Amino acid sequence: MGLFVAGSLLALLAYTSATPIVQQNSRSGYIDLPKSYAALGDSFAAGVGSGFFLNNSRDASDIECIRQDGSYPTQLLQFLPFLLPKDQPFDFIACSGDVLDDIDGQIAKLTGRKFDVLTVTIGGNDFGFGDIARACAYATITPGVDAQAVCDAALDAAFATVDSSAIINKFKQKFNLIKSSSLAPGGTVFVTGYAQFFDGPIEGDACDQISFFPIAELAALNITTSIRLRSNDLTLKINALIKKAVSKAGDEFQFIDFDKVFEGKRFCEQDNADDPIGANNPNVFFNDLTTILPTPGVAPPDKQTPGLTGVDITNMLQQFSVFHPKGSRPYTPLAAEIAFKIVIDAFKSHDVVVGPVKHCGGSKHWRRGDDSCYDIPDKCAMVGQEYKDAPTVVCENGDSYAAKIVA
């Protein structure tokens, strides 16, 4: 799926015309759309570093959990507003720092209510993502401490967790708990993976020669090829483990690949040799310690770290945001893909035709008569919308256009 498929999906789902998708009774031939949604997970679900703090969640813990408005749960509601009943608070329960064992407490906050749609991003803290970032990317010189040994130990611990039978069993247990406690009949749980932080490293490349810690005389480690290879391998193994747990959880669960969004947008991209970290490069999709975030924004002059422009690296939010997606852009295609799947599922057997096919005979909701034919290319789908002159075609690569009549 193309990186900025969100625009075309938005067109598909509701926004190509002034007529939004309306929840209607399927017995009358229309679509019965899902109408309730809760978001579970950790900081990658909460959206740390993605925007400004929210203040509309049911549990009133948005500040404590660092939930921000660029997060994918927030964007999913923007794409599909019918998921949140009017005048109801959002059951945004994801909380920064949470681990798998905290899922029990998150579910408890839902107070026995069941939802048509649930999203989950969880596990990063169980594998020590934050510990690895501190030990390997932002290590500082400490007398008597072997920084490389500390980094290696953090990575070793994460790999040991991935390889243990306990962690896959814990994922299965928590997914079963989510299903039994919080999923409505016919509902869906979307579980995301994580993204590799680094472009494929090449021995001697620009990142081999630098540390991520921004004060060079205090930096203890360069972000070497070896560290980056192990970090990426860890993320791939974690994603494979989560995907396996999802596959065992039942048809109600779907795995969503977040990693593909970051292709060409990671730290240490070979094309970014002049600025391999890309702290404030919008085309690098991860935050660094020196990224100027929407919140807290540019630090006041008296708070700025000496030698750095615009940032206070002692700020806790600044520190917590490192190695998290930068702003709202990385989360947009993730939210869009989930939205696409929700609506396609709701439209099954209704007004969606998937290519490649020449489709003749329109929907009763299209203005044209039933004798019109449309050519739908491979990896594209045609969707009819009420009061539109022609259906909309959307494609996996992000293309979107009004369907053209063919002979």
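These legends cover close-up views of the largest pocket and the disulfides in a predicted model.

Local features need pLDDT of at least 70 and side-chain atom pairs pLDDT 80 or more, while totals for chains, interfaces and linings use all residues. Residues are numbered from 1 along each chain as its sequence is written, and side-chain values use heavy atoms, without hydrogens and water.

**View 1. Lining of the largest pocket.** The pocket (an open set of 1 Å grid points where a 1.4 Å probe fits, with protein on both sides within 12 Å along at least five of seven lines) holds about 480 Å³ of space. Of its 22 lining residues (an atom within 4 Å of a point), Gly130, Arg134, Gln319, Phe320 and Val322 lie nearest the centre. H6 gives the largest share of the lining, five residues.

**View 2. Disulfide of cysteine 65 and cysteine 95.** The sulfur atoms are 2.0 Å apart, and a disulfide is a cysteine sulfur pair within 2.5 Å. The link is left-handed, with -85 degrees about the S-S bond.

**View 3. Disulfide of cysteine 136 and cysteine 151.** The S to S distance is 2.0 Å, and the link is right-handed, with 105 degrees about the S-S bond. Cysteine 136 and cysteine 151 are both buried.

**View 4. Disulfide of cysteine 207 and cysteine 268.** This link, S to S 2.0 Å, is left-handed at -85 degrees about the S-S bond. Cysteine 207 is buried at 1% relative accessible area, and cysteine 268 is buried at 3%.

Key:
Points joined across faces, edges and corners; volume = space filled by probe spheres on them. Helix = DSSP H or I, 4+ residues; strand = E, 2+ residues; numbered from the N terminus. Buried < 20%, exposed > 50% of the residue type's maximum accessible area, 1.4 Å probe, protein only.
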